[in-house]
Amino acid sequence: MRAVITGTGSALPMRRVSNAELAETVDTSDEWIVERTGIRFRYIAGPEETTATLGADAARAALDAAGVSAQDIDLIVLATATPDQTFPSSATKIQAMLGIDDCVAFDVAAVCSGFLYALQVADSMIRAGAHRKALVIGSETFSRILDWEDRATCVLFGDGAGAIVLEGQDGDDKRGVLATRLHADGRHNQLLYVDGGPSTTGTVGKVRMKGKEVFRHAVVNLASVLEESLAAAGLGPDDIDWLVPHQANARILDATARKLSLSPDKVVVTVDRHANTSAASVPLALDTAVRDGRIKRGDLLVLEAMGGGFTWGAAVVRF
């Protein structure tokens, strides 16, 4: 039994915000943002758009691409750091929006690495024979937890969702999730965190980050876990058709590719259009490259991400 990606989907809020528009209210400029991050646009959710509504829209697109009915889904794993409510899980809200009467549904919290964590959880449950068809979703409304007076963080993030249908398939087909590797190191909490929570301040809090330190850890950790996951699959960097990375910062993407001696032409980059959408970043980039024809059936993909915690991980997938 192998878990195979049979469909991808994504969803973005209605409102797109350019750097120039952001500079009208934040002490920044288009030149400053592009030079340091590569970001040109981000999408900001409106009052009626939430993590659950965006996640449901992305899920519908993935289901349609896979040719699968919502009623066939028996597992929903949602990666998010910005749920609609403290509880119940936003995964159960998506379940209801899709009209699914009964299936296992829960959230996973690993911030920007969340989709990789959710993917391994769903892959393991499918391989164990507990489930056959899963929706793995990353959805965020990070704009709700940004300090719009902190130009070091508010220019970096956006809202959005991405989803895949993951199906258990038997046989000799080489497609599917080949290897995943996950890590976490809680000693670095104060480098990237939210300064609030139900059991500490009783508030949602805002994102706080020490950018230089995060950058340094990201380049080292991502290159290491990419090599680790490829080795687990018995493959090397030369076997990669496409690297689908977390879209945090163009500089991190460039530095990671250089460490692996990987051509920039093999790296899917959407950070310029969507900014950092946290757990939605990897599936959103994946769907973009699938729909524009870059990623084709049989291609070898490596998905990777690092986020607050720190958490980081990578997955090798034959699409």
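This is a predicted model: local features need pLDDT of at least 70, side-chain atom pairs count only at pLDDT 80 or more; totals for chains, interfaces and linings use all residues.

Visitor: Why is T80 called buried?

Guide: Buried means under 20% relative accessible area, exposed over 50%, and partly exposed in between (1.4 Å probe, protein chains only). T80 has 4% relative accessibility, so it counts as buried. T80 sits in the loop between β4 (75-79) and α4 (90-97); helices (H or I, at least four residues) and strands (E, at least two) are DSSP runs, numbered from the N terminus.

Visitor: What makes the pair T80 and T82 a polar contact?

Guide: A polar contact is a pair of N or O atoms within 3.5 Å; within protein, one must be able to donate a hydrogen and the other to accept it, and residues adjacent in sequence count only if both atoms are side-chain atoms. Here a polar atom of the T80 side chain lies 3.0 Å from the backbone nitrogen of T82.

Visitor: Which residues does P245 touch, beyond its neighbours within four places in sequence?

Guide: Contact means heavy atoms within 4.5 Å, and on that basis P245 is in contact with L253, V267, V268, S281, V282 and E304. P245 belongs to strand β11, and at 1% relative accessibility it counts as buried.

Visitor: What makes β8 and β11 edge strands?

Guide: Two strands pair if DSSP finds at least two bridges between them. The open sheet has four strands in the order β8-β13-β12-β11, with mixed pairing. β8 (176-184) and β11 (242-245) each have a single partner strand, so one side of each is left without a neighbour in the sheet.

Visitor: How do you know that β12 and β13 pair?

Guide: Eight bridges join β12 (residues 300-307) to β13 (residues 311-318), and the two run antiparallel. Within this pairing, A305 stands opposite G313 in β13. Helix α10 packs on the sheet, touching β11 and β12.

Visitor: Why is α10 called largely enclosed?

Guide: Nine of the 11 residues of α10 (residues 281-291) are buried, so the helix is largely enclosed by the rest of the structure. Among the buried ones are S281 and V282, which are also contacts of P245.

Methods: Residues are numbered from 1 along each chain as its sequence is written. Side-chain values use heavy atoms; hydrogens and water are left out. Axes are lines fitted to C-alpha atoms, for helices over the stretch in contact, and angles run from 0 to 180 degrees between N-to-C directions.
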